[in-house]
Amino acid sequence: MRLRTTSPERTYRYLRLGIVGVVLLLGVSLAVQSMTGGPLGSVSAAYYTPARDVFVGCLCAVSLALLALSGRSVEQALLDLAALFAPVIAFVPTPIAPGDVAAVGCAATTAPCVPAAAQGGIDNAMLSLAVLGAIGLAGALALAIAQGTLSWRLGLALTVAGLVMAGFVLWWRLWPRGFVTGAHDVATIAFFALIAAVAVVAALRPVNARHPAAVRAAYLVIAGGIVLSLVFLVTVAIVRRSTASGGIPLFFVGEAVALALFAAFWLVQTAELWERPDPALTRRRGPRRRLPATPLRHPGP
């Protein structure tokens, strides 16, 4: 039996499945790097290894896919915000310890650092993101006005997005040293926190035939798992212990769990919404078009 689907349905399916594929690609790249170059202290440490191209490319692809999943729901607004943090995670490297297998240029210090050689790339990327972000916000506002879809909700979302981008740019320009050592971690925590929030919002939708209790439970488990993994990572950072007694890299484990849950979220969402595109697109809000009045025909004399 051949299933009849519309182009928007297929597009949304492929975007969601594509995000899962991107996470799988990153996982394979990390596995190859661990087998050939030794265990990484964290997923983000791939930036300093031959896996860098895949790491950066995957994060950029995820960012684009999240923005492409257009809609008007609260979930989509949160995903759009998450898309803003992904490029920062990609282009601003994580601080690394001198003993890390990926450590380059940090031998002169005992504290985690970002090698000075990375500064040029960070500056180039941040300036590029600032320009693109300004163009993107202006374009989104212009399109909303042209399409008649501008509302206070969209205005609020654009305002928050502008504040996030302005905050990172000001941090980069006014306190470059603090930005280099902290922006990656802030962006990573914000990204996964927003994904957890999206899972919670999805779980709170009323239970019905299209949103059964099992799907709600899956969303809640994913949200809880992401929150626990973030708490675990923050705890590891506070106690400054990067490995367990058996030599297991704790940061890598925490980030890997968060990535796996991120992929699980998209698998659940793909299965739940398989038969329809973003439902927010099917409810067009705006002035109704009035049909031209039909002249009355009077009976003849």
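**Note on the salt bridges of the predicted model**

1. Arginine 205 and glutamate 272 form a salt bridge, with 2.4 Å between the closest N and O atoms. The structure in question is a predicted model. This pair links distant parts of the chain: arginine 205 sits in the loop between α6 and α7, whereas glutamate 272 belongs to helix α8 (residues 250–272), 67 residues apart.

2. Arginine 205 also forms a salt bridge with glutamate 75, and here the closest N and O atoms are 2.6 Å apart. Glutamate 75 lies in helix α3 (residues 74–91) and arginine 205 in the loop between α6 (176–203) and α7 (213–239), so this pair ties together parts that are 130 residues apart in sequence.

3. Are the two glutamates buried or exposed? Glutamate 272 is buried, its relative accessible area being 11%. Glutamate 75, at 13% relative accessibility, likewise counts as buried, because the cut-off for buried is under 20% relative accessible area.

4. Arginine 205 has a relative accessible area of 22% and is therefore partly exposed.

5. How many salt bridges does a search of the whole structure find? The search finds 2. Through shared partners, salt bridges join Glu75, Arg205 and Glu272 into one network. Arginine 205 is bonded in this way to glutamate 75 and to glutamate 272.

Methods
Residues numbered from 1 in each chain as written. Predicted model: local features only at pLDDT ≥ 70, side-chain atom pairs only at ≥ 80, totals over all residues. Heavy atoms only, no water. Salt bridge = Lys/Arg side-chain N within 4 Å of Asp/Glu carboxyl O. Helix = DSSP H or I, 4+ residues; strand = E, 2+ residues; numbered from the N terminus. Buried < 20%, exposed > 50% of the residue type's maximum accessible area, 1.4 Å probe, protein only.
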